[in-house]
Amino acid sequence: MRHYHIWTVGCQMNKADSERMGAALEQLGLSAVDEPADADVVVLNSCVVRQNAEDRVVGMLTSLKPWKQSHPDRTIALMGCMVGPQQDGLRKQFPYVDTFMRPQQFDSLIRIVAEKQGVDPEGCVGPLVPGHPRVTIFVPISHGCDKFCTFCIIPYRRGRDVSRPFDDLVDECKMLAARGVKEVTLLGQNVDSYGHDLPGKPDLADLLTAIHERVPELSRIRFLTSHPNDMSQRIIEAVARLPRVMEFINLPFQAGDDMVLANMRRGYTNAQYRELVGRIRATIPNVAMVTDLIVGFPGETEEQFERTLELVRDLRFDKVHGAAYSVRPGTIAARQLPDDVPQAEKERRLRAVEALQERILSEINAGYFGTTQEVLVDGHHRGRWQGRTRTDKLVFIESDEDLAGRLVSVRITKTSPWSLQGRLARSAEPVSTG
Ligand code: SF4
């Protein structure tokens, strides 16, 4: 048994879990391959937040069936949000899958692989930190969610909101920086509720400050996703105060209408959300704001949808992740609220959001033209370097120099709604602050 392949669908939390699973498999002596067909162990990291994500996982599982049946010594593991506390249904539907693992519960696959490798997992598997990480990496700081929004399956699959120990996280960031990581993104379903369950109740502001002070090798620190009700003034001020914490806040609003927000059980109103965004913008100069929203939630009228559009128009986000509502069996909405907005209408509303956001983004990004931006280069694609600004804008750079993993100043020469282009700045071109 020598090779593994991890296939991941879904959110950044899944990507982080896949990296940690990969770290464990590498400590057991396996190496990654790009194609599942070349692997001895295939791990599918699943998502059930929307029906189409779940359909893709089922499609992958189905296509792996002959691969497994022709070589029963191969291993298939299913992990992530598709695996709930009860697994009998999954076992019956996919009897050829060797193990089912709930989010962050990697032990059963570690045991199977260790046994096949003839090693003791206790002695082999240490901290789940990738041996050769990329220059930017996700670090989960909490797992699960206590909010129970009516549309969301996550609290049922990932469990209650549990924070990882404070010092472990600082040590993990130190270890990652020593392995060449330049940027960490601290992850949680509600990252801004971090620490509520820890002794002494340290909060996200304390954690950002500790990582900033104790891991100076890191060039950048980000965090996501925030819940409006947990975004404290202390956290906002920490972002403004700490220069290596990026001015970037991901704050889903989900719907613009107060009745829809109440039906979603989001716990805030349109006016409260606007006030919070105003306060964030007043405290953190040039902050980039990103949001998530759902169109076509049960009962959403045209007039109520207009309030969502109005919020997008007024608040001018740097990115909007829009989704058409899809029923998730087991949620409160699935049990209590009929899915009464026709699919075609949901899609029309989504297109209206996307068209408006494209216009806003082309205006926002045009403001970068001629400025000089600090860019962390994290890849090379089709002959161009690519990286991100402090505000998370994607930048393509034409250069013959080796820029891999470098923090460089880039003069922006072209903009579009989706990306920026530029060249390395000359020393006389000072870096813009926004
Ligand atoms: S805050 Fe709401 S949408 Fe976010 S993970 Fe928790 S239940 Fe789901």
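**View 1. Helices H12 and H14 pack at an angle of about 15°.** The axes of H12 and H14 are 10 Å apart; axes are lines fitted to C-alpha atoms, for helices over the stretch in contact, and angles run from 0 to 180 degrees between N-to-C directions. The model is a predicted one, in which local features need pLDDT of at least 70 and side-chain atom pairs count only at pLDDT 80 or more, while totals for chains, interfaces and linings use all residues. Residues are numbered from 1 along each chain as its sequence is written. Helices (H or I, at least four residues) and strands (E, at least two) are DSSP runs, numbered from the N terminus. H12 and H14 are therefore roughly parallel to each other, where angles under 35 degrees count as roughly parallel, over 145 as roughly antiparallel, 65 to 115 as roughly perpendicular and the rest as oblique. H12 passes H14 in a right-handed crossing; a crossing is right-handed if the near helix is turned clockwise from the far one by less than a right angle, and left-handed if anticlockwise. On the H12 side the contact is made by Phe 305, Leu 309, Val 312 and Arg 313, and on the H14 side by Arg 349, Ala 352, Val 353, Leu 356 and Gln 357. Two residues are in contact if their C-beta atoms, placed from the backbone, lie within 7 Å. By class, the contact of H12 with H14 has 6 nonpolar, 1 polar and 2 charged residues (Ala, Val, Leu, Ile, Met, Phe, Trp, Tyr, Cys and Pro count as nonpolar, Asp, Glu, Lys and Arg as charged, and the others, Gly among them, as polar).

**View 2. Leu 356 is in helix H14, residues 343-366.** With 15 other C-beta atoms within 10 Å, Leu 356 is partly exposed. A residue is buried if 20 or more other C-beta atoms lie within 10 Å of its own, exposed if 12 or fewer, and partly exposed in between, with C-beta atoms placed from the backbone. Apart from neighbours within four places in sequence, Leu 356 is in contact with Leu 309, Val 312 and Arg 313. Pro 155 is 201 residues from Leu 356 in sequence, and their C-alpha atoms are 32 Å apart in space.

**View 3. Arg 316 lies in the loop between helix H12 (302-315) and strand S13 (319-324).** Its phi is near 50°, a positive value in a residue other than glycine. Arg 316 has 13 C-beta neighbours inside 10 Å and so counts as partly exposed.

**View 4. Helices H8 and H9 pack with their axes 8 Å apart.** The angle between H8 and H9 is about 20°, so the two helices are roughly parallel to each other. H8 passes H9 in a left-handed crossing. Leu 204, Ala 205, Leu 208 and Thr 209 of H8 meet Arg 234, Ile 235 and Ala 238 of H9. This contact of H8 with H9 has 5 nonpolar, 1 polar and 1 charged residues.

**View 5. The axes of helix H9 (residues 233-241) and helix H11 (residues 270-283) come within 9 Å.** They cross at roughly 30°, so H9 and H11 are roughly parallel to each other. The crossing of H9 and H11 is right-handed. From H9, Ile 236, Glu 237 and Ala 240 meet Arg 279, Ile 280 and Thr 283 of H11. The residues of this contact divide into 3 nonpolar, 1 polar and 2 charged.

**View 6. The buried residues of H9 are Ile 235, Ile 236, Ala 238 and Val 239.** They cover an arc of only 160° around the axis, which puts them on the same side of H9; the arc is that of the directions from the helix axis to the C-beta atoms. These buried residues pack against helix H8 (204-214) and H11.

**View 7. The peptide bond from Leu 224 to Thr 225 is cis.** Omega of this bond is near 5°. Thr 225 is placed in the loop between strand S10 (220-224) and H9.

**View 8. Asn 286 is in the loop between H11 and strand S12 (288-295).** Phi of Asn 286 is near 60°, a positive value in a residue other than glycine. Asn 286 counts as exposed, with 11 C-beta neighbours inside 10 Å.

**View 9. Ile 137 is found in strand S6, residues 136-140.** Ile 137 counts as buried, with 21 C-beta neighbours inside 10 Å. Leaving aside neighbours within four places in sequence, Ile 137 is in contact with Glu 19, Leu 176, Val 181 and Val 184. The C-alpha atoms of Ile 137 and Val 43 are separated by 20 Å, and the two residues are 94 residues apart along the chain.
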